[in-house]
Amino acid sequence: MPDDPDRLTKLTMELRRGLLVMAVLEALVQPHYGYSLRRFLQEQGLEVDEGTLYPLLRRLESQTLLESEWQVQEGRKRRVYRLSKTGDSARVAMNMEWQSLNKALANITETTP
Amino acid sequence: MNWLERYTFAVKSHLPASVRNDVADELLSDLQDERDYREESLGRPLTDDELKALLRERGHPMLVAADFQPRPTLVSESLFPIYRQLLQWMVIAIAAVQLCLMVAAFAGAGEVRLWQALPQLLWSILEKSLYGFAWLTLIFYLLGESVSRADIFTRWRPESLPKVIAEGDYISRTATTFELVVTVYFAAWLNRVIPQSLGDNPIGFVFSDQWATLLPWINAVLLGSIVLAVSKLLFPYWTRRKIIEELALYIPSLIIMAVIYGWDAPLTIVIGTGETSSQWAISSLSIALAMAAYALFALYDSVKKIQLYRAI
């Protein structure tokens, strides 16, 4: 049933999962620590809970798309993430893929009655 | 230790040692930032209840830690179809081996009680299958994400697909299992691996001396039937090769039956022991009827199999 709220939530989550990687890569063109990144994404209209964001940051770092280092800021230890060279190439490639998918989706929507 | 530190400590206990401190430090820093943000918005320090509400929003420490586990499943999603197929084959192999072991264990046994042996057999199949399940799962867990199914099937070619008919039915595994059990049991009975008397009453079969000359041939046919039954269990669809093998087994069976028909009193039933025993030689007519029934069945099945062969 398409209007089943649980199913809809799962579909939305699947859609967001892929986009979230893109959003994080785009956002980390500027260095951020976890909390500031979450706030930044939230301010841009993308709510992400910590349970999703932090494991994602670690996964992207293990895939060498991100680099991180511990810094002391405002008297507090913070792990600051930034895009690596590989991550930047991935960001550009994903962006192009996104544009192409968006175009294809628009075409499909237009041609479907 | 404040609420945030207590929470972080609890999460830490569920984390893998390799990332424990790193994740905990980052979590604590995030919680402190969130607390500061809320305090700034309210213009006052958070109360204990508000701090606890913040932690409740984050969720149970075990669930928070679970998000950082390197792999949350025992068998990776990509390898699961292979895992399931191997599991199926493993259970079939265990059942076949246990059946043979049971028959072998009967060798030399004074008497066999089928109603006791069958539950034992089922239990041992279940027990061994559970061990096998655990080992197979462990192997797949250790393989983890290092092997993908693309690696395993890299040499696969479409030419290896079995030639079957599009609307062809699968061979019933239940029927094949029954066939396998009956064949193994019959082979064991005929070769005196299990006693030839039935139950507690001394009812036995006496074979004429001529059987000894035919026994190797009968065993060869039975062995062929067992191998074919195992092959049908593992790959439950009809191919031309399987049909030829099935039909080929009818020929020696019918020849053997024809030879037995020519013998004088090949089988005698004995009831009782000593002076009170009585014997009945199975009449030629009974043997002829049994053979005719088998021949008719073989003919009917062969016609169906030939039609299937031509359709493939």
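Which residue forms a salt bridge with B:Lys232? In this predicted model, the partner turns out to be B:Glu246, with the closest N and O atoms 3.3 Å apart. The pair links distant parts of chain B, as B:Lys232 belongs to helix α9 (residues 211-234) and B:Glu246 to helix α10 (residues 240-261), 14 residues apart. Both B:Lys232 and B:Glu246 are buried.

In chain A, A:Glu61 pairs with A:Arg79 at 3.0 Å between the closest N and O atoms. A:Glu61 sits in helix α3 (residues 50-62) and A:Arg79 in strand β3 (residues 76-83), so this bridge ties together parts that are 18 residues apart in sequence. A:Arg79 is buried, at 9% relative accessible area, whereas A:Glu61 has 21% and counts as partly exposed. Back in chain B, the side chains of B:Arg44 and B:Glu50 meet at 2.8 Å, N to O, in another salt bridge.

Then there is the place where the two chains meet. Chain B brings 15 residues to the contact and chain A brings 16. Together they bury about 1,500 Å², 42% of it on carbon and sulfur atoms. Eleven salt bridges cross this interface, and helix α2 (residues 20-42) of chain B supplies the largest share of chain B's side, twelve residues. One example of a salt bridge joins B:Glu34 to A:Arg38 at 3.3 Å, N to O. Both of these residues also belong to a network of salt bridges, whose members include A:Glu50, B:Asp30 and B:Arg58 along with B:Glu34 and A:Arg38.

Notes. Residues are numbered from 1 along each chain as its sequence is written. Chains are lettered from A and ligands numbered from 1 in the order in which they are written. This is a predicted model: local features need pLDDT of at least 70, side-chain atom pairs count only at pLDDT 80 or more; totals for chains, interfaces and linings use all residues. Side-chain values use heavy atoms; hydrogens and water are left out. Contact means heavy atoms within 4.5 Å. Buried area is the accessible area (1.4 Å probe) that two parts lose on being put together, summed over both. A salt bridge is a side-chain nitrogen of Lys or Arg within 4 Å of a carboxyl oxygen of Asp or Glu. Helices (H or I, at least four residues) and strands (E, at least two) are DSSP runs, numbered from the N terminus. Buried means under 20% relative accessible area, exposed over 50%, partly exposed in between (1.4 Å probe, protein chains only).
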